[in-house]
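Subject: Structure handover

Hi,

Here is the structure for you to look at. My notes follow below it.

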Amino acid sequence: MTRPDLKSVVDGYLRKITDETIRKKQPEDMPVVGLPRPLLDLLLTVDKGIFIFEAHTGGGKSTFGKMLYHLAKKGHIPYDVTYIDATMMKREENASSDDILIQKIEEVMVKPFENKDKESVMTTSTTNYGEGNQKFEDILSKIDESNKKYLIILDELDKAVEVVAVRERIAKWATAIRNYYNKIGKIPVRLLILLTKVLGFTETLLKKIEDEGKDVKVITEY
């Protein structure tokens with residue numbers, strides 16, 4: 001075998017065990033992808049409800065989110081994980097407005113098992129936490145009662161939805177989690193928001209969250 005042929009075989013194999021495998025809901029083997037341990041520890045051990053991870057395009061955000069699904073599926077992390085690709089969902093659902101897309105995203109957050117076959121969704125959950133048109137804030141007690149740790153990963157949200165709508169809804173999710181904590185003393189769910197690094201965007205998002213109250217910003221980790 002010539003050197004170019006060998007390189008082609010090796011490159012193909014590496015793509016198979018990394019990029020191709022990580023996209024599959026039911027891969028034959030575990031994807032061979034390393035995750036940055038400090039970020040993983042931060043996400044899984046710090047007792048907050050909203051986590052914002054920001055990186056440039058191609059910086060590994062989607063890989064990180066999908067790998068969390070595979071780790072949960074194999075029982076390597078003690079969470080039910082639901083990963084949502086907002087850009088793919090926008091195409092899949094033919095969502096004609098930001099409000100409709102956010103409604104579809106919340107529907108998956110509320111009823112992950114019912115939506116498990118969507119192309120844009122990867123979930124390890126075997127249950128739903130609500131019914132009908134319930135919103136995220138309506139199901140926190142149901143998640144809490146399930147005694148399961150629930151991690152929701154939202155990817156490409158800033159690319160699929162207008163900036164103003166993204167800020168508004170994330171801030172409302174943060175407020176709902178904080179209100180539940182103030183009432184019950186628990187944080188029943190973690191939201192991981194994966195954002196593209198765009199000048200000024202995260203700063204305005206954090207300011208919007210702080211506008212909901214400084215106690216709300218406290219449960220947000222950037």
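E156 counts as buried at 19% relative accessibility, where buried means under 20% relative accessible area, exposed over 50% and partly exposed in between (1.4 Å probe, protein chains only). The residue is found in the loop between β4 and α7 (157-160). Helices (H or I, at least four residues) and strands (E, at least two) are DSSP runs, numbered from the N terminus. Phi of E156 is near 65°, a positive value in a residue other than glycine.

Before you go on, note that this is a predicted model: local features need pLDDT of at least 70, side-chain atom pairs count only at pLDDT 80 or more, and totals for chains, interfaces and linings use all residues. Residues are numbered from 1 along each chain as its sequence is written, and side-chain values use heavy atoms, with hydrogens and water left out.

N94 also has a positive phi, of about 50°, although it is not a glycine. N94 lies in the loop between α4 and α5 (98-110). At 66% relative accessibility, N94 counts as exposed.

L68 has its place in helix α3 (residues 61-73). It is buried, with a relative accessible area of 0%.

**T123 and T124**

T123 lies in strand β3. T124 has its place in the loop between β3 and α6. T123 is buried, at a relative accessible area of 11%. T124 is buried too, at 16%.

Their side chains make polar contacts (a pair of N or O atoms within 3.5 Å; within protein, one must be able to donate a hydrogen and the other to accept it, and residues adjacent in sequence count only if both atoms are side-chain atoms).

- T123 to T82: the side chains are joined by a polar contact of 2.8 Å.
- T123 to V81: the side chain of T123 reaches the backbone oxygen of V81 at 3.3 Å.
- T124 to V81: the side chain of T124 reaches the backbone nitrogen of V81 at 2.9 Å.
- T124 to D80: a polar contact of 3.4 Å joins the side chains.

**Aromatic rings**

Rings of Phe, Tyr and Trp (its six-membered ring) pair if their centres lie within 6.5 Å; planes under 30 degrees apart count as stacked, over 60 as edge-to-face and the rest as tilted. By this rule the count comes to three aromatic pairs. Two of them are described here.

The rings of Y129 and Y150 have their centres 4.9 Å apart and their planes at 35°, so the pair is tilted. Y129 lies in the loop between β3 (121-123) and α6 (140-145), and Y150 in strand β4 (residues 150-155), so the pair ties together parts that are 21 residues apart in sequence. Y129 and Y150 are buried.

The rings of F136 and W173 have their centres 6.3 Å apart and their planes at 65°, so this pair is edge-to-face. F136 lies in the loop between β3 and α6, and W173 in helix α8 (residues 163-184), so the pair ties together parts that are 37 residues apart in sequence. Both F136 and W173 are buried.

**Helix packing**

α8 also packs with helix α9 (residues 201-211). The angle is about 40°, with the axes 9 Å apart. Axes are lines fitted to C-alpha atoms, for helices over the stretch in contact, and angles run from 0 to 180 degrees between N-to-C directions. That makes α8 oblique to α9 (under 35 degrees is roughly parallel, over 145 roughly antiparallel, 65 to 115 roughly perpendicular and the rest oblique).

L43 has its place in helix α2 (residues 37-45). At 0% relative accessibility, L43 counts as buried. The C-alpha atoms of L43 and L191 are separated by 9.5 Å, and the residues are 148 residues apart along the chain.

Best wishes
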